[in-house]
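Hello,

Here is the model we talked about. My notes follow below it.

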Amino acid sequence: MNFSNKKSFQKLPTFHFYQISAKIGLFYLIFYGMLAALVAICMWVFLQTLDPRIPKWQEDSSIIGSNPGLGFRPMPKNNEESTLIWLQGTNKINYLNWYDNIMEFLDKYYTPGKIEKGNAYVKTCTYTELPTETEVCEVDVKSWGECSRDQYFNYYRSSPCIFLKLNKIYGWTPDYYDDPNDLPPDMPKQLKEHIGNITRPEERRNIWVSCEGENPADVEYLGKIKFYPSIQGFPGYYFPFRNSEGYLSPLVAVRFLRPVSGIVINIECRAWAKNI
Amino acid sequence: MASLFRKKVERKKSLSRKEISLARLENFRKEVITDTHSVALGELCRRLQTDRETGLTPEQAAEILAKTGPNILTPSTRTPEIIKFIRTLIQGFSLLLWIGALLCFAAVVIRMITTHETDSDNLILGCVLVVVVVLTGCFMYFQEHKSQKIMESFANMVPPKAAVIRNGETMTIMSKDLVIGDLVELKFGDRIPADIRVIHSQGFKVDNSALTGESEPQFRGSECTSDNILETKNFTFFSTNAVEGTARGIVVACGDQTVMGRIAGLTARLQPNKTPIARELEHFMKIISVWACFLGVIFGAAALAMNYSWIEASLFLIGIIVANVPEGVFSQFLYQIHVLCLVGLLATVTVCLSVTAKKMAAKNCLVKNLEAVETLGSTSIICSDKTGTLTQNKMTVCHFWCDNAVIHADSTTNQEEAKNYTENESYNFAEKTSLFFKVAVLGFKILMRCATLCNRAEFIHGEEDKPINLRQVRGDASEEAILKFVELSKIEGSPSKFRHNNPKLLEIPFSSTTKYQISVHALENGRCLVVMKGAPERILARCTKIFINNETQELTDDLRRICDRACTELAEKGERVLGFCDLLLDESYTRNYQFCAEPPNFPRRELRFVGFMSLIDPPRPQVPDAVERCRTAGIRVVMVTGDHPITAKAIARQVGIIQAKESIDAFNINIIETLPAFKDKAIVIHGSTLRDMTNEELDNILYNYKEIVFARTSPTQKLQIVEGCQRLGEIVAVTGDGVNDAPALKRADIGIAMGISGSEVSQQSADMILLDDNFASIITGVEEGRKIFDNLKKSIAYTLASNVPEILPFLAFVLGNIPLPLGVMAILCIDLLTDMLPAISLAYEKAESDIMLRPPRNPKTDNLVTRKLYFLAYGHIGLIEAMCGFFIYFAIMAEHGFMPCQLFGLRQQWDSESVNDLRDYYGQEWSYQNRKELEYTCYTAFMISVVVTQWADLIVCKTRINSIVQQGMGNMILNISLVVETVVACMLSYLPQMNYLKFYPVMFRCWNYA
């Protein structure tokens, strides 16, 4: 009797198995190669449509909008989620830490040669001498007064400086509050007075900056604040940013003269322009 | 203390109840072996302590009743509904979803505890998962909530009352009070209340068709004719019908012990196999869940190893990681994506199945079990019952022999041709036999006269306008067939009129000893005619003359031999042959002559032979065609019947189940043992052979022979055959109509019952009911089932493809440290909103051209999800989609100043809230909020690109072998789903409530690329 065995029901594809898998491998190699090439070509063509200097979308047509954010230094590093600057004036390791942090950022301000030299010509601008297309304005580190690196930004005296900066947005031109009689009601009194005290109208073409404690208690703990440069703002001649080489965004140093130690103080800084 | 003890005992009992149930099942499987029908009556009475005249005494009966329990069918143990419901809720796949949901909620809770934020993404996802689980759970529960009724339908077959003789008195009792040993009176029209050995009978006939599949009523007498209880003539079975006569018998088995009770028990307790589609889905889910867990664990671990090795891998901390650390969250989401894809699939499967079920219902197939629809498509063997399924379960005249010629009577349901017999001499029926037949018409007329007169059947009044074959007839099945034939041919006008004109003077009814029936009629011309009908050999023996070539001749030995040959020829076709003869009495017998039956006072010898008629239960007209189509579709059709092998074989030949020229008849085991393995031969196997066979031998036969007929099989043997096929890995469909088919129907991968002729039990056990009894509907079902499988495959390919562009962004995010290209909510939207409808719409796709030409799929290798499909979905389409998405992502980023090369490694800064001045390529500085807005834009763009590429994917997946030009875009639901998908995507992107920003060039460019 010769009944076929049950095992013969399942036939295993052993024949040409390696050959087939090699063929499949080759197919995928070519297929993926083509795919990658296609994507690469598309990407390349696409990138050719972009200008290396001028963003395709600017201000309102871009997502970045026309409302620059206000940034500050030093930037706490060990905890990314927090913006708390925890300072011990008597602890050298602690304040050196902050010092290094600021210096990392200010390096290019102190030694402007470090940033790549382009065709732009660095010029000391004033309110009357605005930069031309090919010029960029100098940022004078001396204008920060006591908040200088030589004095460790006063951290060791427990009267720390922080630096405020405005985010660069290509082509953004501020709309200044240059009329002392037309200031927003929620502007701090101190700033209003400050603006009122400036007599030359062209010098009022600034993006003003104000800092104060978030709550009345914070205001009390914070104590007095001093701004450098004393104009208390970003001078208007730095704007607009045109991605010129050598451009440095202006900074405002804020010095908290005598903050009460041992507690957390919430500070709120604002930049003031009609379009912020 | 006592109560404690009792509790323990109860628990023990409930445990063993399961075992009892199992043991019962095994017991039911066994063939009935008993000698109650063969032992001497006196011995039986002694054994049962009963008396053959007076029966049991009431006291005895009460005692036995208390001991054996009532004469009812014990229902199988039931699990409480609530437990069943919970069980469906936590079945394999649902469990996966629960884990997913739990992970989500754990993440939410931990996030809440640690940072007091509400993690809305996880919360929504978790809720969605829970809703899905509960919905599918409910759906599955209602799907499964119906197998309960089998026992009830069996219970309906039990007659409520029975007439017993106790202590010599006849009384009517409830049949559940019947006990073994009771003496029972049976009369026509009764339903048999238990298994009964007949001790007296007067023309007692029972209809066993429900149990054995024999179309004709069977005689029941007191003598034992066979060792096999199903064959013997002195035994009547529980719940069969008595059609004629009266009888008295002793109850030898009650309730579950009866033959029918065993079938009922077997049917109710059999666990049907998992349907192939369920197996496939399980297989797929297994792959997916392993995949999901694997990805989740791997990436979780990788994240741990990469950045968080300082965290010890304690479980609690892992929990925190899952909730707080991006990598943890995303490893979890990798898992969730897969799970979500399953959700879509499940919905698609359900829709596919219900759409098809609806379509089938329109074609008169009622689908009881949704999954059965697909099963039909993968069917590789159909085990078909003969009686009532392949045949009409109605005796019909199919041949007649007169004037030395066999003439085929039209045995289709309508018997259109038969009307042509009416025409007289000029008649042109059967041109083949034309000249000869013109001569033969007279002979035909004489045969018809004989058939009309010697017939006791009558049409029931009031149905004259119905078609003849639908009219009800009072009388024996074969006489009914002859009457209808006569009525159709109308050769002598209406038979009732003809009979009225030629009144019956005397009748000697048919008896099993004489095997003929005689009646004497007064003809219109005043003379008398004796007509006789019966078994052909008896009839021929009484004849000395024959009507042939238009004249009466001497019946010479040569002619006798011709007649004999014709008779055997017809008998070999499985037909039941009846002989007819008549004798015109001489003029001394007049209308007023006192004919007398006992003793007969008229000549009953030297008659004139007029012809044969042969009857068969003809196949349904659509069956041969359907069987042929099964063959082309690679499905074997095996006949499994309780009827006699010769009849079975004849029908098998007629419908095309046997096409081989040679066939082997295996009536006993010795033949089987000496069989060579000829694959091209057909084989007919007798039930008694099957009984002696081992499972292995049966498997070998099933494997080696393509054309198989099983005859004289008992219900358990049918089950055995089905299980044998299943052992070979075949997907078995069983068609049947009788109670004897019920266990096989239940056990089969798909049981198909007949809607009109099927018994209630068979319908309850089946998964599908053919409402019009049309065997051809099965073919439609097969086609639909295959289509479902194809469409499911397409749907899965479609759904899987979008997984790649969902996962790759995460990979790039984790490994390449780029800002996240595709957010979690966007993934949810793709999976549950935009992808769902197109995936479902593929269920409406029409079949491809080769669907009925290829063999049924091999359940072992042709899975729902094969490697090929994975390669196609993941390797080709998915990757293209992902590339497209990434292209859009990088394009948008670049347009906003973040060049592709710059993005790698940017993630830490990008996602840090304290970095408020991230510089881009143009020196612009981005605040956190701006960056996030940009990121969300990318999500949207990525999502839209996925949607757009999914259009193409949908069209790619639409066809498998046909090209899209062949297939066309006729699937309106698919087209609509394309539109809806797009609209949903647009709504998601442009509605102000959505936090995503609009971005018009995205779609345009993606269009070009895709």
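One salt bridge is counted between chain B and chain A in this predicted model. The term means a side-chain nitrogen of Lys or Arg within 4 Å of a carboxyl oxygen of Asp or Glu. The partners are Lys165(A) and Glu925(B), with their closest N and O atoms 3.1 Å apart.

Helices (H or I, at least four residues) and strands (E, at least two) are DSSP runs, numbered from the N terminus. H32(B) gives the largest share, 11 residues.

In total, 44 residues of chain B contact 46 residues of chain A (heavy atoms within 4.5 Å). The two chains bury about 4,100 Å² between them, 60% of it on carbon and sulfur atoms. That is the accessible area (1.4 Å probe) lost by the two parts on being put together, summed over both.

Now chain B itself. It has 38 helices and 29 strands. Of its 1010 residues, 57% are buried (under 20% relative accessible area, 1.4 Å probe, protein chains only).

On conventions: residues are numbered from 1 along each chain as its sequence is written, while chains are lettered from A and ligands numbered from 1 in the order in which they are written. Local features need pLDDT of at least 70, side-chain atom pairs count only at pLDDT 80 or more, totals for chains, interfaces and linings use all residues, and side-chain values use heavy atoms, with hydrogens and water left out.

Best wishes

Conventions:
Buried < 20%, exposed > 50% of the residue type's maximum accessible area, 1.4 Å probe, protein only.
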